[in-house]
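Let's take a friendly walk through this model, looking at charged pairs and then at a strand.

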Amino acid sequence: MAAGDGAVLLDELRAAIGKYVVLPSEEALTAVTLWVAATHIQTALQHAPRLAVISATKGCGKSRVLDVLYETVHDPMMTVNTSPAVIFRTIGKIPPTLLVDEADTIFGPKASGDSEILRGLLNAGHQRNRPAWRISGPEHKPTPFPTFAMAAIAGIGDLPDTITDRAVVLRMQKRKPGEKVAPFRSRYAAPELNALRDRLAAWLGPLRNTAARMVPQMPVEDRAADTWEPLVINADLAGGHWPARARAACVAMTRFEAVQDEQTNVKVRLLRDIHRIFERAHNPEALSSQDLVAALIQDADAPWAEHGNKGLNAHHLGFLLRDFGIGPANYRFAGGRQAKAYMRNRFLDAWARHCPDLTEATPEPTHGGAPARPAQGKPPAAPAGSLPVGPPGGPAGPKRTL
């Protein structure tokens, strides 16, 4: 290919991906484009970045992302619920690109024991020369199985931290009114996407040795640099505006994830502190918002007295908990007192998912009264407020200037 043709090809791929899915940001669209290209030179790479496609709810386009990837990446292997043994025996010297959907069924609280094995496999496969050893064959000899392979993993809710730490993370959202995408029908979309896939393979195939020798300047360090280096290598091979675009996406998306990690740590700390407060109160059926906030603030070792400008309040508490699907409701306590309160059973799922070490013996709650019916038969309104940080670059619709 002539000089500059790689940049044009990546532009075309970026436009084609954006035609079928609305990604969280322009940087995310750039990252997915480069991730697809990296699958075609993965045998030359030292790291195989994961692509974590996650959302808080269903219907956010995660499976559609995998559909588009299936038609554009190198040798896709699509699976919904596979076993570690299958993956051990599938990855070879020229590995497929793993596309794992419905990962929440694999890593959720009701997952089988194989989930930890699969997580270990996906973690090891981020770096070359990290085989999994198994006893195999009629002679029961210790045998190394390769793990190195690119992998895209989609699911509802956060994936295990050890996986997202090795991933380019797409936090998918439902499309806004007016955000349109082209209908994805394999019989119509596949020929266009397959043609781009074949052109990518033809362009990058002769460049594998060049890619293997490249040591690009990275705007981030440590594991983030390991994860993004394959994407930046492809951008540098393409030239044009892609080197700058790739590094800008790298900085924006890694900074955004750092903020998410910080917020997640604060929220998990809050779940743990609330668990302790319920235990100290002998696990009542509910605690009033006022009492829960007061108990949190009184803990001198906790950050809640300094949260915000004047310390944690009921509004802050509702905002921090709403990502877990937890909110206050009207509740009638003993003596007829009625107040906004948090039901203990609303926390059980969040504790199981985010604080699995807090073993739940499911004690009988102390009943202080029956839940009060919401006013006018309507559910209580969600706490008002806006997220402190949005995805880098803002929403990425299907119409873009390349």
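## R276 and its partners

At 23% relative accessibility, R276 falls in the partly exposed class. Do keep in mind that this is a predicted model. The side chain of R276 meets that of D299 in a salt bridge, with 2.7 Å from N to O. Because R276 sits in helix α11 and D299 in the loop between α12 (289-298) and α13 (314-321), the pair ties together parts that are 23 residues apart in sequence.

D299 itself is buried, with a relative accessible area of 18%. Through salt bridges that share partners, R269, D273, R276 and D299 are joined into one network.

## Other salt bridges

There are 16 salt bridges in the structure. One of them brings together the side chains of D11 and R245, at 4.0 Å from N to O. This pair links distant parts of the chain, with D11 in helix α1 (residues 5-20) and R245 in helix α11 (residues 242-280), 234 residues apart. D11 is buried, its relative accessible area being 15%.

D236 and R247 also form a salt bridge, and their closest N and O atoms are 2.9 Å apart. Here D236 belongs to helix α10 (residues 222-238) and R247 to helix α11, 11 residues apart. D236 counts as partly exposed, at 26% relative accessibility.

## Strand β1

Now to strand β1 (residues 50-55), where six of six residues are buried. Both faces are covered: R50, A52 and I54 lie on one side, and L51, V53 and S55 on the other.

β1 pairs in the parallel sense with strand β6 (residues 151-156) over six bridges, and R50 stands opposite A151 in β6. β1 also runs parallel to strand β7 (residues 167-171), joined by five bridges, with I54 opposite R171 in β7.

Key: Residues are numbered from 1 along each chain as its sequence is written. This is a predicted model: local features need pLDDT of at least 70, side-chain atom pairs count only at pLDDT 80 or more; totals for chains, interfaces and linings use all residues. Side-chain values use heavy atoms; hydrogens and water are left out. Buried means under 20% relative accessible area, exposed over 50%, partly exposed in between (1.4 Å probe, protein chains only). Helices (H or I, at least four residues) and strands (E, at least two) are DSSP runs, numbered from the N terminus. Two strands pair if DSSP finds at least two bridges between them.
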